[in-house]
Amino acid sequence: MSLIKDKYQRIIDYMRISITDRCNLRCIYCMPSEGIKPIEHKDILGYEEIIRIVRIAAGLGVRKIRLTGGEPLIRKDLPYLVSSINSIGGIEDISLTTNGLLLKKYARSLASAGLRRVNVSLDSLRPERYREITRGGDINDVLEGIDEAENAGLLPIKINMVPIRGFNDDEIEEFARLTLKTSYNVRFIEFMPIGAKEIWDHEKYISTEEIKERASKIAPLIPVKIRRSGPARYFRFEGAPGVVGFISPITHHFCNSCNRLRLTSDGKLRPCLFSETEIDLKSALRCGASDEEIERLLRLSIEIKPEGHSINHEKCFTHLKPMSKIGG
Ligand code: SAM
Ligand code: SF4
C-alpha cells in the first residue's frame, strides 16, 4: 500500500472535502447574518470530479475522507457520493461533519452507503439560545438526528461545541455532563478568529485551559488514549461512558501531526486551513488533465504544506475565507 509523507515527515493520509459552501443555518460565529454570496453551481465540483480526485489521492496513500461544507446534508444524492467513495480501493474511513438538522432523514441511507461516523456541531442545549446562535435552527431536529445517527450505528457520536464568552460558555459544564450519561465524545473547540467578522473579539475567545478547568468542576478529568484521535486530546470522568475532548487550534497547535489536505467545494486544494495558498484542481480537471497530471498537483500540494501556522487569539484572521467556504 502506498504512503506519502510531506517534507516534514508527516504522513498525509486524510482528505477533508467540502462538498458545498451553502448552508441551512447562519451560525453567528461562522457566517454574517445576510449569509455569504454562494459559489455558482457551475463552479462547484460535481460528484464524478470529486470521486476521480479521491481515486487518485487514494493511489497516493489517502485513507480517510471527511465530507463537510457548508452543510453537506443539503447536497442532493449524498449517499451516492458516499457509496462511490466507499468502493474506491484504499479508502478505509468516511465520516461527515454536519449541523445535524437533516440527519434524521439521511442517517440510515448514509450508514448503508458506507458512512462510518458523524460529528455534529451543537453550541447550545437550550432551544431559544440554539435558535439565536444558529439564527433560526430548531434544536429538536438536531437531537432527533443524533438519535437516528446512533440507531444507524454511526458511532461514536461526536458533538462539537465552540464555547464563546458571553454567548454559551455558561453551558460548558452542561455539555461535559452529557458524557456522564451517554457514550458521546463531547469535544470543545477553541473559537478561532476566522470568518466571524461581526462577532470576533479576542475577549470572547476561551482557551482550552480555561474550558478544561471549568469542566473539571464536575469531577477530575482523567486522560484517555483513543486510537486515531486526530487533533483532539481526550479525558473521561471516572466511570463515565462518554469522553470529553479538547481541540485547541490556538493554544496547542497540532501542526506537527497534521495529516490532512483540504479540498474546497470549488475544487481548490488547500494544504493548510490558515494559509491562502490554493492549487486549482478544478481548472485542471475541466481542461482535460490526465490522472498523472492531477496526481502531480496533489503531490505539489503535499510538497508545499507549511510546517505550521502562526494563528493566535490576538491576531485577527477574519480576512481569511470563512470556514463554510473552506470546509470546517
Ligand atoms: N455545517 C457543518 C457543521 O456546522 O458542522 C459543517 C461545516 S462547519 C464550517 C464545521 C465546523 O466549523 C463546525 O463545527 C463549526 O463549529 C466550526 N467553526 C466555524 N467557524 C468557526 C470559528 N470561527 N471557530 C471555531 N470553529 C468554527
Ligand atoms: Fe452552517 Fe456549519 Fe457554519 Fe453553522 S457552522 S453556519 S451550520 S457551515
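**Close-up views of a predicted model**

**View 1. Surroundings of ligand 1.** Ligand 1 is surrounded by 18 residues, the closest being Tyr29, Gly70, Glu71, Ser121 and Met192; a residue counts as near a molecule if one of its heavy atoms lies within 4 Å of it. The model is predicted, so local features need pLDDT of at least 70 and side-chain atom pairs count only at pLDDT 80 or more, whereas totals for chains, interfaces and linings use all residues. Side-chain values use heavy atoms, with hydrogens and water left out, residues are numbered from 1 along each chain as its sequence is written, and chains are lettered from A and ligands numbered from 1 in the order in which they are written. By class, this shell has 7 nonpolar, 9 polar and 2 charged residues (Ala, Val, Leu, Ile, Met, Phe, Trp, Tyr, Cys and Pro count as nonpolar, Asp, Glu, Lys and Arg as charged, and the others, Gly among them, as polar).

View 2. An N or O atom in the side chain of serine 121 is 2.5 Å from an oxygen atom of ligand 1. A nitrogen atom of the ligand lies 2.9 Å from a backbone N or O atom of methionine 192. For threonine 98, a backbone N or O atom is 3.2 Å from an oxygen atom of ligand 1. Of the 550 Å² of accessible area that ligand 1 has on its own, the protein covers 94% (areas come from the Shrake-Rupley method with a 1.4 Å probe).

View 3. The residues around ligand 2 are Cys23, Leu25, Arg26, Cys27, Cys30, Met31, Gly70, Asn99 and Ser324. By class, 5 are nonpolar, 3 polar and 1 charged.

**View 4. An aromatic pair.** The structure holds 4 aromatic pairs (rings of Phe, Tyr and Trp, the last by its six-membered ring, pair if their centres lie within 6.5 Å; planes under 30 degrees apart count as stacked, over 60 as edge-to-face and the rest as tilted). The ring centres of tyrosine 29 and phenylalanine 191 are 6.4 Å apart and the planes stand at 80 degrees, so this pair is edge-to-face. Tyrosine 29 lies in the loop between β1 (14-18) and α1 (47-60) and phenylalanine 191 in the loop between β6 (185-189) and α7 (208-215), so the pair ties together parts that are 162 residues apart in sequence. Helices (H or I, at least four residues) and strands (E, at least two) are DSSP runs, numbered from the N terminus.

**View 5. A cis peptide bond.** Leucine 155 and proline 156 are joined by a cis peptide bond, with omega about -5 degrees. Proline 156 lies in the loop between α5 (139-151) and β5 (158-161).

Definitions and conventions. Polar contact = N/O pair within 3.5 Å; in protein donor to acceptor, adjacent residues only side chain to side chain.
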